[in-house]
Amino acid sequence: MSIRRTTKAARGAVVLAGAVGLALVVAGCGGGGDGGGAKAEDGNKPPARSSAPKDGGPGSPAADSAKVIGEMKGPDGVVVTLHSVVRDSGGFVTVNGTVANHGNRPFNAINWRSNETELRSRSSISGATLVDKAGKKRYLVLRDTNGECLCTTGLSGLMPGASRPIFAQFPAPPAKVTEVDFQLPTMPPASVQITD
């Protein structure tokens, strides 16, 4: 066999291996677009991962949107209304609120995220903090085992006139601390009372 034939055969094998590898990658990453996905043993779809606390779940009481405990007005007509700041016996504090766009262009929370690189959502409130002024401590949003914030994510494309509920969970300050400042980048802080 000549060198020319051997080279052609080797090229063919490389192209074939590349095509098979690409097909496997596409098959592994592709979705049918029909909302399929993995099925549980009983044939039902597993529950989708939520980026908001479940109503009535432990440590995440539903926020009463009629109750207002604080308000932050930012640039371009964005208003954050705080409804509750609740201390849980599990050692964390959950802040619930609503963000409303009273401006004239869509709002993206890109400036409200933290500087971490492992977060998948580019538009979240992961940059929020609770500040205990008396104790001179700042509390950052908690993270799950995958490094994602325990907060509202995917906060993009909020159209003018629209609003959306938000939440963030923080480590709880000591029990004696009942007043903190809730802060979001680009927004003025809001002093709020922690309830049990």
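Here is a walk through strands, rings, charged pairs and a disulfide.

Before clicking, note that this is a predicted model, where local features need pLDDT of at least 70 and side-chain atom pairs count only at pLDDT 80 or more, while totals for chains, interfaces and linings use all residues. Residues are numbered from 1 along each chain as its sequence is written, and side-chain values use heavy atoms, with hydrogens and water left out.

**Stop 1: the open sheet**

Select β1, β2, β3 and β6. These 4 strands make an open sheet in the order β1-β2-β3-β6, with antiparallel pairing. Strands here are DSSP runs of E, at least two residues long, numbered from the N terminus, and two of them pair if DSSP finds at least two bridges between them. At the edges sit β1 (70–73) and β6, each pairing on one side only. Direction ignored, neighbouring strands of this sheet are turned by 25 degrees against each other on average; the axes behind that angle are lines fitted to C-alpha atoms, and angles run from 0 to 180 degrees between N-to-C directions.

Now zoom in on β1 and strand β2 (residues 78–87), which run antiparallel and are joined by 4 bridges. Which residue of β2 is the bridge partner of Gly-70? Click Leu-82 and you have found the partner.

**Stop 2**

Move to strand β4 (residues 129–132). Thr-129 and Val-131 point one way, Leu-130 and Asp-132 the other way, and all are buried. Buried means under 20% relative accessible area, exposed over 50%, and partly exposed in between, using a 1.4 Å probe and protein chains only.

Strand β5 (residues 137–140) runs antiparallel to β4, with 4 bridges joining them. Thr-129 has Leu-140 as its bridge partner in β5. The hairpin of β4 and β5 has 4 residues between the strands, and Lys-136 in this hairpin takes a positive phi near 55 degrees.

In β7, Thr-129 has Gln-183 as its bridge partner.

**Stop 3: the aromatic pairs**

Show side chains for Phe, Tyr and Trp. Rings of these residues (for Trp, the six-membered ring) pair if their centres lie within 6.5 Å; planes under 30 degrees apart count as stacked, over 60 as edge-to-face and the rest as tilted. The count by this rule is 2 aromatic pairs. Start with Phe-107 and Trp-112: the ring centres are 5.0 Å apart and the planes are at 55 degrees, so this pair is tilted. Phe-107 and Trp-112 are buried.

Then pick Phe-170 and Phe-182, an edge-to-face pair with 6.3 Å from centre to centre and 85 degrees between the planes. Phe-170 lies in strand β6 (residues 163–171) and Phe-182 in strand β7 (residues 179–183), so the pair ties together parts 12 residues apart in sequence.

**Stop 4: the salt bridges**

Colour by charge next. A salt bridge here is a side-chain nitrogen of Lys or Arg within 4 Å of a carboxyl oxygen of Asp or Glu, and the count comes to 4. Among them is the one between Glu-71 and Lys-73, at 3.9 Å from N to O. Glu-71 is partly exposed at 43% relative accessible area, and Lys-73 is exposed at 56%.

Another one joins Arg-105 and Asp-76, whose closest N and O atoms are 2.8 Å apart. Arg-105 lies in the loop between β3 (92–101) and β4, and Asp-76 in the loop between β1 and β2, so the pair ties together parts 29 residues apart in sequence.

Then select Arg-87 and Asp-196, which meet in a salt bridge at 3.1 Å, N to O. Arg-87 lies in strand β2 and Asp-196 in the segment after β8 (190–193), so the pair ties together parts 109 residues apart in sequence. Arg-87 is buried at 15% relative accessible area, whereas Asp-196 is exposed at 77%.

**Stop 5: the disulfide**

Finish on the cysteines. With a disulfide taken as a pair of cysteine sulfur atoms within 2.5 Å, the count comes to 1. Cys-149 and Cys-151 form it, with their sulfur atoms 2.0 Å apart. The torsion about the S-S bond of Cys-149 and Cys-151 is about -70 degrees, so the disulfide is left-handed. Cys-149 is buried at 6% relative accessible area, and Cys-151 is buried at 2%.
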